[in-house]
Amino acid sequence: MVQFISPHLQYLLFLTITCTFYQPTDSESVQLDQQSFDTTIASNELVFINFYADWCRFSNMLMPIFDEAADAIKKEFPEAGKVVMGKVDCDKESSIASRFHITKYPTLKLLRNGSPAKREYRGQRSVEAFTTFIKKQLEDPVKEFKQLSELGKLESNKRIIIGYFDRRDQPEYNIFRRVATNLKDDCQFHVGFEEASRQMHPPGTPIIVFRPDKDRSTDLDETYPGSLTNFDELHVWVQDKCVPLIREITFENAEELTEEGLPFLILFHSPDDKESIKKFNDVVKNELLSEKQSINFLTADGQKFAHPLHHLGKSEQDLPLIAIDSFRHMYLFRNYQDIETPGKLKQFIQDLYSGKLHREFHYGPDTDSETEKQPTKPPESTFKKLAPSKNRYTLLRDEL
């Protein structure tokens with residue numbers, strides 16, 4: 001008698017029989033667990049972590065490459081406290097996986113001075129690519145100027161933080177450099193020592209300043225008011241200055257923005273339209289600061305992102321316009337000119353939270369309650385399609 005075996009069971013038996021998991025015998029990559037994790041990230045400038053699962057096909061493909069890269073990096077940077085290539089078995093160390101919001105395997109994250117980088121590693125997965133990435137991360141994030149006149153010629157697409165110090169071996173400079181290491185992706189850091197900066201601060205009293213964007217109303221540098229010996233305090237201040245409240249979404253950063261998990265409030269504008277961007281910035285800063293923990297404020301080039309406009313039934317001729325992408329559906333702010341009416345844009349966001357936007361898209365405006373409502377379907381989210389590709393990860397069940 002032949003017993004029927006389900007296709008699912010056949011697949012499991014196939015994996016059991018044919019898959020040999022990679023088990024290195026000797027590697028410079030460090031296995032991290034609950035006992036060693038915090039000590040390791042606190043005692044090293046960089047810790048590059050492979051979050052994996054033994055049963056994951058992609059994890060097993062990556063492991064020998066990651067281990068070989070760890071050997072190469074150890075040879076390149078042998079000194080203690082510089083860099084560690086670590087790995088976490090997420091099945092055994094579920095509390096660590098939850099702490100870092102791991103939703104797919106393998107996930108590669110970089111921690112600088114104990115703090116996770118905002119962006120996970122999504123580059124090429126090869127020994128050469130990992131080695132190049134680590135070398136880049138260990139480059140000095142602070143550029144030194146020799147004369148004050150050099151600061152008048154700075155050109156950067158990033159915001160600028162400037163430090164004025166008496167000498168390089170000051171404890172305050174060490175803290176400044178650690179903060180710069182953590183936030184080098186978001187800001188450009190410059191420093192001057194001794195004669196190069198002496199006229200900018202009293203002897204023995206270094207200062208740190210933020211240089212505003214060129215399009216802001218003032219050209220005065222903003223001086224950090226807190227303690228220069230408190231890493232956390234300085235880090236919070238610099239991060240607030242370096243990471244803008246309103247960001248531009250591009251095809252390059254869309255994936256990382258979707259991973260933050262917050263709905264998008266997006267201004268779609270023409271490439272040369274600066275006025276609507278300024279108006280949107282003013283409204284967000286004046287009326288919507290209380291929403292910054294629950295929504296991402298973004299601007300988008302409506303020419304480049306014509307596809308979402310098409311889903312909204314709009315085209316470049318309709319710009320500027322504002323929409324919310326909830327990662328399920330897209331909702332259009334009915335009249336762009338209403339942005340000038342105090343409270344209108346804030347109410348639009350509140351209507352998302354309350355479910356009113358979804359309800360009205362399905363059944364029409366709430367004010368038409370006495371008329372028969374015909375169900376409609378709101379446009380589907382287009383930005384969720386820019387989330388991580390399933391072709392290089394095993395996504396967890398709650399992400400499918």
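**Entry 1: the cysteines**

I started with cysteine 187, which counts as buried at 3% relative accessibility; buried means under 20% relative accessible area, exposed over 50% and partly exposed in between, with a 1.4 Å probe and protein chains only. I kept in mind that this is a predicted model, where local features need pLDDT of at least 70, side-chain atom pairs count only at pLDDT 80 or more, and totals for chains, interfaces and linings use all residues. For my own bookkeeping, residues are numbered from 1 along each chain as its sequence is written, and side-chain values use heavy atoms, with hydrogens and water left out.

Which cysteine is joined to cysteine 187 by a disulfide? I found cysteine 242, at an S to S distance of 2.0 Å; the rule for a disulfide is a pair of cysteine sulfur atoms within 2.5 Å. Cysteine 187 sits in strand β9 (residues 187-193) and cysteine 242 in helix α7 (residues 231-242), so the pair ties together parts 55 residues apart in sequence. Helices (H or I, at least four residues) and strands (E, at least two) are DSSP runs here, numbered from the N terminus.

I then looked at the torsion about the S-S bond of cysteine 187 and cysteine 242, which is about -105 degrees, so this disulfide is left-handed. Cysteine 242 is buried too, with a relative accessible area of 2%.

**Entry 2: the other sulfurs**

Next I checked cysteine 56, and found it in no disulfide: the nearest cysteine sulfur, that of cysteine 90, is 9.8 Å away. Cysteine 56 is buried, at 1% relative accessible area. Cysteine 90 is in no disulfide either, and is buried with a relative accessible area of 4%. My disulfide count by this rule is one.

**Entry 3: the sheet around β9**

I followed β9 into its sheet, which is open, has five strands in the order β7-β9-β8-β10-β11, and shows mixed pairing. Two strands pair if DSSP finds at least two bridges between them. The edge strands, each pairing on one side only, are β7 (142-144) and β11 (222-223).

How many bridges join β8 to β10? I noted five, between β8 (residues 159-165) and β10 (residues 207-211), and the two strands run antiparallel. Isoleucine 161 stands opposite phenylalanine 210 in β10.

**Entry 4: helices across the sheet**

Axes are lines fitted to C-alpha atoms, for helices over the stretch in contact, and angles run from 0 to 180 degrees between N-to-C directions. Helix α6 (residues 171-183) lies across β7, β8, β9 and β10, at about 160 degrees to β9. Helix α7 lies across β8, β9, β10 and β11, running at about 145 degrees to β8.

Definitions and conventions:
Contact means heavy atoms within 4.5 Å.
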